[in-house]
Each structure stands twice: as structure tokens, then as C-alpha cells.
Amino acid sequence: MRALLAGVLLVVCLLGAAEPPRRATQVRYAMGTLYTVEAEGPAVESAIAAAFAEVRRLDALWSTYQPDSELSRVNRDAAKRWVPVSAETAAMLTRALGYARDTDGAFDPTVGPLVSAWGFKHQDYRVPTAASLKEAKQRVGFEKIQLDVTRGVRFTQVGVSLDLGAIAKGYAVDRALSVLKQHGMSAGRVDAGGNQGVFGRPETGVFWPFAVKHPRADDEVLGVITLTEGGISTSGDAERGFWQDGRRYGHILDPRTGRPVEGRLSVTVTAPSAEAADALSTALYVLGPTRGLSYLARRHPQARALFVEAGDTPSSFRLQAQEGLPWHPAVAGPSTYDQY
Ligand code: AMP
Ligand code: MG
């Protein structure tokens with residue numbers, strides 16, 4: 001009897017060991033950032049591989065660093081003639097231009113010449129001369145883009161370019177999540193350098209927790225936002241920027257002034273999709289709390305925002321969490337931080 005029991009136990013153990021994992025996390029580099037894909041379900045590894053293949057497909061379509069991408073072709077030729085684009089690119093451009101119109105150009109996918117003028121494109125940071133800023137500003141403005149269902153894209157002026165850097169990662173997250181769902185995953189999370197999305201209930205808890213980092217100290221957490229579905233994205237000057245003469249110049253530019261936005265350290269937005277969260281966090285970083293929250297109320301009532309605003313002294317900041325945001329501060333009490 002004992003021998004039989006031992007035998008049964010051994011078989012159970014061997015079966016258990018042979019069972020493939022139901023949960024996996026993988027990290028890959030794409031679209032100029034680190035992607036983390038986490039999923040739960042049967043054949044989890046092939047599901048994650050398919051999600052990464054989808055991200056690579058979108059990178060090949062819209063990267064401005066790949067000269068043969070569809071967007072690079074548009075940027076090369078659209079000042080000379082209409083450039084036909086795929087339905088997916090046309091749809092993305094329609095949405096990006098929609099955010100630009102709705103925010104009066106605070107979000108603007110033509111901001112590329114300014115991004116280059118400040119050295120953010122190739123990480124050769126500098127404060128541009130007044131002349132080069134003026135020249136770059138003349139090439140920025142979403143109204144310089146024409147989009148036509150049959151003919152494609154046309155620029156009204158030479159030197160204009162399109163850059164989807166503030167919205168495409170969010171879309172890639174949504175696409176990767178839907179590939180995970182198609183592969184039968186019960187839960188998943190995709191993180192593309194601060195642009196994230198989730199679905200399902202993770203084995204590890206009821207919610208997916210998102211730590212909001214201290215914008216000046218990477219190893220400190222200000223609090224946690226919990227989500228069960230949808231997207232969350234942070235835009236900030238910590239991601240990319242430089243210090244000069246005691247000032248922080250971040251990579252998010254106000255297209256009206258042509259200069260990096262100041263007075264704000266980060267904005268985190270939750271929204272029904274990762275694409276919306278991505279575009280909105282960039283837009284609200286430019287708009288600020290007053291105009292940003294009224295824009296959300298009008299156009300994106302399901303979205304919620306957390307602003308980290310510069311404080312009254314050079315080394316302080318304060319948090320402003322919108323009502324309804326599932327926000328759990330790390331420290332109870334006033335949301336003003338005196339030092340960073
Ligand atoms: P994100 O990290 O999603 O907020 O996107 C920031 C990136 O979008 C920058 O690195 C620039 O390439 C680009 N960008 C900067 N300012 C703007 C803006 N006002 N509207 C749209 N894209 C912008
Ligand atoms: Mg964004």
C-alpha cells in the first residue's frame with residue numbers, strides 16, 4: 001500500500017514538473033524603449049512572443065529612426081506630393097490630429113523640429129539660439145498636415161514632419177494586450193516605458209498596482225494607483241531632459257512657446273485605453289491642472305489625472321490627485337514634499 005502511494009505521489013510530482021508555466025514575464029527593447037509583457041494563461045510564452053511580434057510590426061510602421069518605415073516615407077515625401085498610407089496609419093493620424101485639435105495644439109504630432117532643436121531626438125541636449133528656435137517653430141503646427149482617405153498624407157510646407165512618440169507606444173500596448181487576449185490569456189500587463197495597460201484579474205491580487213515614482217528619486221515611491229482594466233501613462237521631465245544653470249529642461253515641449261514646459265514634474269493619467277492615457281498624459285503635461293482637468297471633463301470623462309507640480313521653493317513639489325482616481329499615497333498627510 002505504501003509503495004503504491006509513493007508511486008502515485010511520484011507520478012503526480014512528475015506531471016506537475018512537466019506542466020508548462022501559466023505565468024511569465026519578458027522584457028524586450030522596441031520603439032526606443034523597454035517593453036515588459038506579463039501574462040497568465042495556457043501557452044503563455046508563445047502568447048508573449050506574439051505580443052512582441054505585434055510591437056515590432058508597429059515599430060517598423062511608425063519609427064522615425066527607421067528610414068524605411070511608413071512614417072519616414074511620409075516625412076521624406078509628403079511636402080512634394082500626396083503619400084498613400086495604410087488604413088492603420090491613416091486611422092492613427094486621424095486620432096493624433098484629433099487630440100491636437102481638441103487641445104488647441106498643446107498635443108501636436110508635428111513638434112519634431114522643436115524636439116530636434118533642443119537635442120532631444122539624438123540626445124545632444126542644448127538650449128537653442130533664438131534664431132534656430134524661430135526656424136523650428138515655423139515648421140511646427142498640426143494644421144500643416146492634410147489627410148485624405150484616398151490620397152494619403154500631404155504637408156502644406158517643406159520641413160514639416162510627423163512624430164508619433166507621444167501616442168504610438170500607448171497604441172502598441174493596446175495591440176499587445178489584445179494579442180494576449182486572442183491567445184487565451186486570462187490576465188496581462190504591458191509596460192512600454194511608462195505607458196501601460198492591463199486586463200483581467202492577476203493571480204497575485206485583485207488589482208494591478210502601479211507605483212508612481214518620486215520624480216527626482218527613482219527608488220522612492222509617492223504612492224500607488226490600482227487598476228483592473230485600461231491604461232495608465234506617466235509623462236514627465238525625469239524621463240528625458242537636462243539640467244543647465246539650475247534649470248530642468250524636459251523633453252515635453254509647449255508648441256506655442258517652442259520651449260520645454262516648466263513648473264511641472266510629471267502627470268499620470270488613467271484612461272479606458274493605453275493609447276488615450278499616453279496621449280492625454282502628454283497633453284495634460286502641457287495644459288496643466290486647470291485647463292487639463294476641464295478638457296478631461298469635456299472630452300474624456302472616464303480619464304483621471306495626477307499632477308506633480310513644482311512647489312514654492314526650488315526643491316519642493318506638491319501632488320494634485322483628481323477625485324475618483326484610485327490613488328493610495330505612500331505617506332498619509334499633506335501632499336506637499338519639501339525636498340527632492
Ligand atoms: P510622452 O513621453 O508620451 O509624454 O511623449 C513625449 C515625446 O513626444 C517627446 O519625447 C517628444 O518626442 C514628443 N513631444 C514633445 N512635446 C510634445 C507635444 N507637446 N505634443 C506631442 N508630442 C510631443
Ligand atoms: Mg504620451
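Student: Why is E54 called buried?

Tutor: Happy to start there, and keep in mind that this is a predicted model. The relative accessible area of E54 is 10%, and buried means under 20%, so E54 is buried. E54 is placed in helix 2. Leaving out residues up to four places away in sequence, E54 touches R175, A176 and V179.

Student: What makes helix 2 roughly perpendicular to helix 4?

Tutor: Helix 2 (residues 44-62) packs against helix 4 (residues 87-102) at an angle of about 75 degrees, and their axes are 11 Å apart. Angles of 65 to 115 degrees count as roughly perpendicular, so helix 2 is roughly perpendicular to helix 4.

Student: Which residues meet where helix 2 packs on helix 4?

Tutor: From helix 2 come R57, L58, L61 and W62, and they meet E88, T89 and M92 in helix 4. The residues of this contact comprise four nonpolar, one polar and two charged.

Student: How do you know that K144 is buried?

Tutor: We use the cut-off again: K144 has a relative accessible area of 12%, and buried means under 20%, so K144 is buried. K144 lies in the loop between helix 6 (130-137) and strand 3 (145-148). Its contacts, not counting residues up to four places away in sequence, include R154, F155 and T156.

Student: Which atoms coordinate the magnesium ion (ligand 2)?

Tutor: The magnesium ion (ligand 2) is coordinated by A166 (O), D278 (O), D278 (OD) and T282 (OG1), at 2.0 to 2.5 Å. Along the chain these donors follow the spacing A-x111-D-x3-T. A166, in the loop between strand 4 (152-155) and helix 7 (168-182), and D278, in helix 8 (residues 274-299), are 112 residues apart, so this pair links distant parts of the chain.

Student: Why is A166 called partly exposed, and why is D278 called buried?

Tutor: A166 has a relative accessibility of 22%. D278 has 3% relative accessibility, and buried means under 20%, so D278 counts as buried.

Student: What makes strand 10 and strand 11 a pair?

Tutor: Two strands pair if there are at least two bridges between them. Strand 10 (residues 241-244) and strand 11 (residues 247-250) have four bridges, in the antiparallel sense. F242 stands opposite Y249 in strand 11. The two strands form a hairpin with two residues between them, and D245 in the turn has a positive phi of about 50 degrees.

Technical notes. Residues numbered from 1 in each chain as written. Chains lettered and ligands numbered in written order. Predicted model: local features only at pLDDT ≥ 70, side-chain atom pairs only at ≥ 80, totals over all residues. Heavy atoms only, no water. Buried < 20%, exposed > 50% of the residue type's maximum accessible area, 1.4 Å probe, protein only. Contact = heavy atoms within 4.5 Å. Donors = N, O, S within 2.8 Å, 3.2 Å for Na, K, Ca; no water. Axes fitted to C-alpha atoms, helices over the stretch in contact; angles between N-to-C directions. Parallel < 35°, antiparallel > 145°, perpendicular 65-115°, else oblique. Nonpolar A, V, L, I, M, F, W, Y, C, P; charged D, E, K, R; others polar.
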